[in-house]
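Subject: A structure for you to look at

Hi,

Here is the structure I promised to pass on. Have a look at it first, then read my notes below with the model open beside you.

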Amino acid sequence: MSVARAVDSYLDHLTVERGLSRNTLASYRRDLDRYVQGLAGHGIDDLAEVRARHVTAHLAGLRAEGLASASAARAMSAVRGLHRFAVREGLVAVDVAAEVKPPAPPKRLPKALDIDQVTRLLQVADDTPLGLRDRALLEFLYGTGARISEAVGAAIDDLDLESADAGAILHGKGGRTRVVPVGGYAKAALDAYLVRGRPALAANGTGTPAVFLNARGGRLSRQSAWTILHRAATAAGLPVDGPHAVSPHTLRHSYATHLLDGGADVRVVQELLGHASVTTTQVYTLVTVDRLREVYATAHPRAR
């Protein structure tokens, strides 16, 4: 089968089976048309004649054109998808693009909220059972640096709010657990929720041990937790769309950044976040360096 016909079949598949948007399909079409033209330049029209070196050459050509890493990665995703589809449909025997790795997009620095933004976000919930839950959840996310999956996965027995050193056990990636301190604001919000909010929600359910419950008394889902944050961010006047949209991970970013801004050692922050490697944590130090530059530029009399 010709490469062009294979592309048409693949795009038909994406349209019917995957239901991709018109804009996404148009992007795929542009990326794959460029691929077809590139193969034609090598004298290749039949999909069965394509080899891994041709796919690699196409990637090199994208980069030589000055295409950004993210754009080149998107284009290569379309090419790799085409070859996977061709194997799955029996058009060719081997996926020649399987071993060609797309360029890694540049690591974006996390966008942390400032203290005032966090405060506004945490103050929007009301005093109803659901409102008490929402505030407790948001305070817990920011006060412990928990991932959203760790927060909704927390059980009552994972909390120790009675001792002077309040803490929580978080069940992280790869089956790893860690104990993190729970600060005064998060402890107060959790206490209020557990005493005045959770019992009312639990009365509707079947006795799940989860800390955070939905209106039916079951365990709160990750998507519902995201919706809670989205609603709170909207009420607080924070962005919910675009590159700086507030997400559950934003509070984790803010937790780490504010700790480092306050003088915490990066190794301690690594343990608190549950990162297997300190290299992952060090991206936050870049954020604080940027913050230091901002402060210097605005505060030092000889900065400009």
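Let's start with a pair of helices: α6 and α9 are roughly perpendicular to each other (65 to 115 degrees counts as roughly perpendicular, under 35 as roughly parallel, over 145 as roughly antiparallel, and the rest as oblique). Before we go on, note that this is a predicted model, in which local features need pLDDT of at least 70 and side-chain atom pairs count only at pLDDT 80 or more, while totals for chains, interfaces and linings use all residues. Residues are numbered from 1 along each chain as its sequence is written, and side-chain values use heavy atoms, with hydrogens and water left out.

**Helices that pack together**

Two packed helices are described by the angle between their axes and the distance between the axes. For helix α6 (residues 129-144) and helix α9 (residues 222-235), the angle is about 95 degrees and the axes are 10 Å apart. Helices here are DSSP runs of H or I with at least four residues (strands are runs of E with at least two), numbered from the N terminus. The axes are lines fitted to C-alpha atoms, for helices over the stretch in contact, and the angles run from 0 to 180 degrees between N-to-C directions.

Who does the touching? On the α6 side the contact is made by Arg133, Asp134, Leu137 and Leu138, and on the α9 side by Ala225, Ile228, Leu229, Arg231 and Ala232 (contact means heavy atoms within 4.5 Å). Sorted by class, the contact of α6 with α9 has six nonpolar, no polar and three charged residues. In this sorting, Ala, Val, Leu, Ile, Met, Phe, Trp, Tyr, Cys and Pro count as nonpolar, Asp, Glu, Lys and Arg as charged, and the others, Gly among them, as polar.

Helix α6 also packs with helix α8 (residues 184-202): their axes come within 8 Å and cross at roughly 145 degrees. That crossing of α6 and α8 is left-handed (left-handed if the near helix is turned anticlockwise from the far one by less than a right angle, right-handed if clockwise). Residues on the α6 side include Leu132, Ala136 and Phe140, and they meet residues of α8 including Ala189, Tyr193 and Leu201. The contact of α6 with α8 comes to 13 nonpolar, one polar and four charged residues.

Next, look at α3 and helix α4 (residues 69-88), whose axes come within 10 Å and cross at roughly 160 degrees. That angle is why α3 counts as roughly antiparallel to α4. α3 passes α4 in a right-handed crossing. Val55, His58, Leu59, Leu62 and Arg63 of α3 meet Ser69, Ala72, Ala75, Met76, Val79 and His83 of α4. Their classes are seven nonpolar, three polar and one charged.

Which helix holds histidine 58? Histidine 58 lies in helix α3 (residues 52-64). With a relative accessible area of 10%, histidine 58 is buried (buried means under 20% relative accessible area, exposed over 50%, partly exposed in between, with a 1.4 Å probe and protein chains only). Leaving out residues up to four places away in sequence, histidine 58 touches Arg34, Tyr35, Met76 and Val79.

**Aromatic rings**

How many aromatic pairs does the structure hold? There are four aromatic pairs. One is formed by tyrosine 10 and tyrosine 28, and it is tilted, with 6.4 Å centre to centre and 55 degrees between the planes. (Rings of Phe, Tyr and Trp, the last by its six-membered ring, pair if their centres lie within 6.5 Å; planes under 30 degrees apart count as stacked, over 60 as edge-to-face and the rest as tilted.) This pair links distant parts of the chain, since tyrosine 10 is in helix α1 (residues 3-18) and tyrosine 28 is in helix α2 (residues 22-41), 18 residues apart. Tyrosine 10 is buried at 5% relative accessibility, and tyrosine 28 is buried too, at 17%. Tyr10, Tyr28 and Phe85 form one aromatic cluster.

Arginine 84, found in helix α4, is partly exposed at 43% relative accessibility. Its C-alpha is 9.8 Å from that of tyrosine 10, although arginine 84 and tyrosine 10 are 74 residues apart in sequence.

**One more spot**

Is glutamine 270 buried or exposed? At 7% relative accessibility, glutamine 270 is buried. Glutamine 270 sits in helix α11 (residues 266-273).

Enjoy exploring!
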